[in-house]
Amino acid sequence: MSASTLTTQNFTWHIASGLAPSLRDSSQFEGLLLAARDVRRNAYAPYSNFLVGSAVLMDGNLYRGCNVENASYGATICAERSAIFAGIADGGRSIAALALTTGPQSGTPINQRTPCGICRQVIAEFAEADTPILIDAGEGASYAGEIVSLEQLLPWRFKL
Ligand code: THU
């Protein structure tokens, strides 16, 4: 699955093969990951007990979001959309990079760590094919996680 690696200050990341993610803003990757891990502590998830944190770099600013569940389950919002919508409300329009963490133990399969389909479509509204998505591998992992491009996450995506 991993075609190459990127080393930042304290971590090594796996870069999946396919359309390469942009590494233009890689100096911010660790800050995004740590912000996502930090905001995850505020997640409101009493129904699923599945806590998610996300941080997004938009037009030079970092925004954070967590999942917020509701007794009417369909009213729940995911962490990634919370972060992106905070950026949009602040005037941001362009996603340079997005990180998310589901706080897994090292070895958690990718399907429990990757953005859901709705969030992929929302990312696509404000991102480019090579926009990097940083998927946390979990604390205690020997590497920070995977970096994938939007094109890898959501090929044939819808845009008007
Ligand atoms: N969740 C996210 O916050 N992001 C995702 O990409 C996947 C799912 C949340 C929604 C819900 O609160 C919980 O995780 C379980 O699905």
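What follows is a set of questions about those labels, each answered from its definition.

Biologist: What are the ground rules?

Modeller: This is a predicted model, where local features need pLDDT of at least 70, side-chain atom pairs count only at pLDDT 80 or more, and totals for chains, interfaces and linings use all residues. Residues are numbered from 1 along each chain as its sequence is written, and side-chain values use heavy atoms, with hydrogens and water left out.

Biologist: Why is E139 called exposed?

Modeller: Exposed means over 50% relative accessible area, buried under 20%, and partly exposed in between (1.4 Å probe, protein chains only). E139 has 54%, so it is exposed. E139 sits in the loop between β6 and β7. Its C-alpha atom is 6.7 Å from that of S106, 33 residues apart along the chain.

Biologist: Which label does N49 get, buried or exposed?

Modeller: N49 is exposed, at 61%. N49 belongs to the loop between α1 (29–39) and β3. Phi of N49 is also positive, near 55°.

Biologist: Why is strand β7 (residues 145–149) described as largely enclosed?

Modeller: Five of its five residues are buried, so the rest of the structure largely encloses β7. In strand β5 (residues 95–101), six of the seven residues are buried. Strands here are DSSP E runs of at least two residues, helices are H or I runs of at least four, and both are numbered from the N terminus.

Biologist: How do you know that β3 and β5 pair?

Modeller: Pairing requires at least two DSSP bridges between two strands. Strand β3 (residues 53–58) and β5 have six, in the antiparallel sense, so they pair. M58 has I95 as its bridge partner in β5. β3 also pairs antiparallel with strand β4 (residues 61–66), over six bridges. There M58 stands opposite N61. β3 and β4 form a hairpin with two residues between them.

Biologist: Which strands does β7 pair with?

Modeller: Strand β2 (residues 12–16) pairs with β7 in the parallel sense, over three bridges. H14 faces E146 there. β6 pairs with β7 in the antiparallel sense, over five bridges. P132 has S149 as its bridge partner in β7.

Biologist: What makes a set of residues a nonpolar core?

Modeller: Its members are buried Ala, Val, Leu, Ile, Met, Phe, Trp, Tyr and Cys residues joined through side-chain atoms within 4.5 Å. The largest such core has 22 residues, of which V56, I84, I95, L98, I123 and I133 touch the most other members. α3 gives the most to this core, with four residues. In soluble globular proteins, nonpolar side chains tend to be buried together.
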